[in-house]
Amino acid sequence: MLYKDLVRVYEALESTSSRLEMTDILAELFRSTDCAHIRRIVYLTKGILVPEFCPEKLGLADRLYLRTLAMATGASEAEIRDLWAREGDPGIVTEKILKSKRQMTLFPTPLTLDRVYESLLNIARAEGSGSQEVKMRMLADLLHDSTSSEARYLARIATGRMRLGVAAQTILDSLAQAFATKEDKSAVERAFNVTSDLGLVGEVLCSEGLEGLGQLHVVVGNPLRAMLAERLTSPEEILERMNGRAMFEYKYDGLRIQAHIKDDTVTLYSRRLEDLTTGFPDVVESLKKAFQGKSGIVEGECVPVDVNTGEILPFQEVSHRRGRKHGITTAIEEYPVRVHLFDCLYLDGKDLTMYSLPDRRTALTRCIEVSEDVRLSEARVLDNVDDIEKFFTEALAAGCEGLMAKSIDDDSAYRAGARGYQWIKYKREYRSEMNDTVDLAIVGAFHGRGRRGGLYGALLMATYNPENDRFETACKLGSGFDDATLAELPDRLDHSRLPHAHSLVNSKMDADVWFEPSIVLEVLGAELSLSPIHTCAFGKIREDAGLAIRFPRFTGTFRDDKGPRDATTSQELLSMYEAQRKT
Ligand code: AMP
């Protein structure tokens, strides 16, 4: 196939914004194409060379592309830069430069689809020293042999800007239109959802028809498209949708991970199917230990944790771990994570995606030996509003965003790639941002672990309630301490140590060590939320919950000027919560 025939199709696609027209144009192209070419056409049309989960990526830096274009055409870099500033699109720039600079080649060799594809793949694969020059030369060769309209698309794909506006769904529709009937559309979609490979689906459908598609199965090492959730705002609505009963799970706020495990090899994929493995060697190791089967695919949420308080930290902390190539060992120490698994899609040769959720959960429970770093999602089958609300408050207190409700009906299969009411998220905002510091009294402490072994790892902090002369807990504080402060804490605190909670301290938590309230620390939190385990302003907003400061951090200031009864009052915290919720 000649590349110019594909370019003609691209021009037709660019001239319409109608999805139906795009589908027709592509279906026509697929019908008239040799099956052996379909895969490459599908990839190039999406601006990729291999499915997204494979490592080969195009996306030459603009600076490098500019030099390549100069090399291929003899135009000056300054001229190209000016034109680029005016046009903003390297495709148009390249086309214009080629038109103005081209010296006629007498017998040009027309570009074939295969040559374009293979050269681009070689460009994407080139690495190591001198690879930039190699990439530039290969691309310059292609540009040299291309017509100006061919060059427009070469420039766009090389710089990662293909953007024809063709969605994956449009390609699936056109493949179904070309090789099957409307009724078979769902079989085509399922093949894509379990393989995440549009090119493969196209090739198999063209050469082997629907029967061939039926042979495409879930395979370890090939990520499935993630099942997604709809959103509802009340437990009543959720129960109605779920026929009165559902499995409710904590909704963790982290990074979704699909782990493929086989023969001691673990590969981690993100929700967008990027390979995350190299950034998370600690997760790889702990999953290897936890997984008891021979091969499997499990899914879960990777959350940042404070190893001392055991609490889940803000999502941003885990983002420091993403896409890292260097300094991984330090990052693991600075931003430790834990995985909460919630699904099992494949186990020891069996595709479980068609199984119901309760059956998949059973498989998950059997194949995972829970550890400190690998846990299952907190889950409960519930059928009434009160229990759901209670579980919801618990989830918030544990640092989660809310709940996920999941259907447990017989047809509660794992619907890869689908967003539907089989899974419903429930994240009513019961939080408000904090933008002021508070002064809290130390009433207890927890023994440190890891680097804090032998010291206090976290402190139990309280507000003061003058109405009943009680200290009411509001958070566990573990962040913001430098090594020197941590080391001196026992000296500062131990003279007021008690064998049990002080009689004026109201706590539902069991600290390892208790103190008479005496020292006040300045603390900055990220937000305030409801919590069933903290006693600050308990019952004031909801019957079964108090207020907690989420993600608290010591500012470094000991409020030695304040006695414990000068600490921020529970009423003050309540007004902060209410004021900020209103805004
Ligand atoms: P959202 O990103 O708001 O659409 O919510 C869906 C995301 O919640 C999923 O993609 C997961 O990353 C995440 N999540 C957290 N906890 C769970 C859970 N227990 N079950 C499923 N997804 C979860």
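View 1. A polar side-chain atom of E301 lies 2.5 Å from an oxygen atom of the ligand. The model is predicted; local features need pLDDT of at least 70, side-chain atom pairs count only at pLDDT 80 or more, and totals for chains, interfaces and linings use all residues. Residues are numbered from 1 along each chain as its sequence is written, and side-chain values use heavy atoms, without hydrogens or water.

**View 2. Lysines at the ligand.** K251 places a polar side-chain atom 3.1 Å from an oxygen atom of the ligand. For K406, an N or O atom in the side chain is 2.8 Å from a nitrogen atom of the ligand.

**View 3. Residues around the ligand.** There are 13 of them (a heavy atom within 4 Å of the molecule). E249, R256, E301, K406 and K425 come nearest.

**View 4. Domain 2 against domain 3.** Domain 2 spans 228–431 and domain 3 spans 438–582 (bounds from an automatic or database domain assignment). Their C-alpha centres lie 30 Å apart. The contact takes 22 residues from domain 2 and 25 residues from domain 3 (heavy atoms within 4.5 Å). About 1,800 Å² is buried between the two, 51% of it on carbon and sulfur atoms (accessible area, 1.4 Å probe, lost on being put together, summed over both parts).

**View 5. A salt bridge: R449 and E372.** The closest N and O atoms of R449 and E372 are 3.6 Å apart (the rule: a side-chain nitrogen of Lys or Arg within 4 Å of a carboxyl oxygen of Asp or Glu). Across the interface of domain 2 and domain 3, two salt bridges are found.

Methods: A polar contact is a pair of N or O atoms within 3.5 Å; within protein, one must be able to donate a hydrogen and the other to accept it, and residues adjacent in sequence count only if both atoms are side-chain atoms.
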